[in-house]
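Please look over the sequence and the model shown below before reading on. The paragraphs that follow take up the pockets, then the sheet and its helices, and finally a few single residues.

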Amino acid sequence: MIILTIRTDKPEAEIGLFEDGDQLVYETWQAHRQLAETIHQKLEELLAQQHRVWADVSGLVCFEGPGSFTGLRIGLTVANTLAYGLDIPIVASRGEDWVKVGLKRLEDGENDHQVMPFYGSEVHITPQKK
């Protein structure tokens, strides 16, 4: 079972591939304001390094937050789209051991179907000026 992990809550984005709980490859890069431009290329390169194709990926684990509003939205949109397009399970987790928790959830057969960002606090909307 090949699992793709995605974390995009800070300027350094992280992606990884795991097989049966073992890390095959993990990459961190300075994505910052270029995340939307670089994440797809980095994912393709990661798969190619391991001689894998999209059809080999059987699940996704995502870091849900808290973190950067835009970073989380980009990363989770990519992850949700991949899960839907590949028809594979997706789970979200947070905390220091987010990968371990996410891998265990997938192993247990869980599927969030769609993950949503966790920003760490309630939405604060300022009233409209008259």
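Helix 2 gives the most to the lining of the largest pocket, with three residues; helices (H or I, at least four residues) and strands (E, at least two) are here DSSP runs, numbered from the N terminus. This is a predicted model, in which local features need pLDDT of at least 70 and side-chain atom pairs count only at pLDDT 80 or more, while totals for chains, interfaces and linings use all residues. Residues are numbered from 1 along each chain as its sequence is written, and side-chain values use heavy atoms, with hydrogens and water left out.

The lining of the largest pocket consists of 14 residues, of which His32, Arg33, Ser68, Thr70 and Gly71 lie nearest its centre. Helix 1 and helix 2 are the elements that give two or more residues to this lining. By class the lining divides into six nonpolar, five polar and three charged residues, where Ala, Val, Leu, Ile, Met, Phe, Trp, Tyr, Cys and Pro count as nonpolar, Asp, Glu, Lys and Arg as charged, and the others, Gly among them, as polar. The space in the largest pocket comes to about 240 Å³, a volume being the space filled by probe spheres set on grid points that are joined across faces, edges and corners. A pocket is defined on a 1 Å grid over the protein atoms alone, as an open set of points where a 1.4 Å probe fits, with protein on both sides within 12 Å along at least five of seven lines, and lining residues have an atom within 4 Å of a point.

The second largest pocket holds about 170 Å³ of space. Strand 2 and helix 3 (98–107) each supply at least two residues of its lining, and helix 3 gives the most, with five residues. Among the residues that line the second largest pocket are Met1, Ile3, Phe18, Asp20, Lys100 and Leu103. In this lining there are five nonpolar, one polar and five charged residues.

Turning to the sheet, the model has an open sheet of five strands in the order 3-2-1-4-5, with mixed pairing; two strands pair if DSSP finds at least two bridges between them. Strand 3 (22–30) and strand 5 (90–93) stand at the edges, each with a single partner strand, so one side of each is left without a neighbour in the sheet. From one strand to the next the twist averages 20°, with axes taken as lines fitted to C-alpha atoms, for helices over the stretch in contact, and angles running from 0 to 180 degrees between N-to-C directions. Strand 1 (residues 2–7) and strand 2 (residues 12–19) run antiparallel and are joined by six bridges, and isoleucine 3 stands opposite phenylalanine 18 in strand 2.

Two helices pack on this sheet. Helix 1 (residues 35–49) touches strand 1, strand 2, strand 3 and strand 4 (57–63), and its direction makes about 150° with that of strand 3; contact means heavy atoms within 4.5 Å. Helix 2 (residues 69–86) touches strand 1, strand 4 and strand 5, and its direction makes about 160° with that of strand 4.

Within strand 1 lies threonine 5, which is buried, with a relative accessible area of 0%. In these terms buried means under 20% relative accessible area, exposed over 50%, and partly exposed in between (1.4 Å probe, protein chains only). Not counting residues up to four places away in sequence, threonine 5 touches Glu14, Ile15, Gly16, Phe18, Tyr26, Val61, Trp98 and Val99.

Aspartate 56, in the loop between helix 1 and strand 4, is partly exposed, with a relative accessible area of 32%. Aspartate 56 is 55 residues away from methionine 1 in sequence, yet the two are 8.1 Å apart in space, C-alpha to C-alpha. Its contacts, leaving aside neighbours within four places in sequence, are with Ile2 and His51.

Some backbone geometry remains to be considered. Most residues other than glycine have a negative phi, and most peptide bonds are trans. A cis peptide bond, with omega about 0°, joins glycine 65 and proline 66, and proline 66 is found in the loop between strand 4 and helix 2. Aspartate 20, in the loop between strand 2 and strand 3, has a positive phi near 50° and counts as exposed at 60% relative accessibility. Histidine 113, in the segment after helix 3, has a positive phi of about 65° although it is not a glycine, and at 63% relative accessibility histidine 113 counts as exposed.
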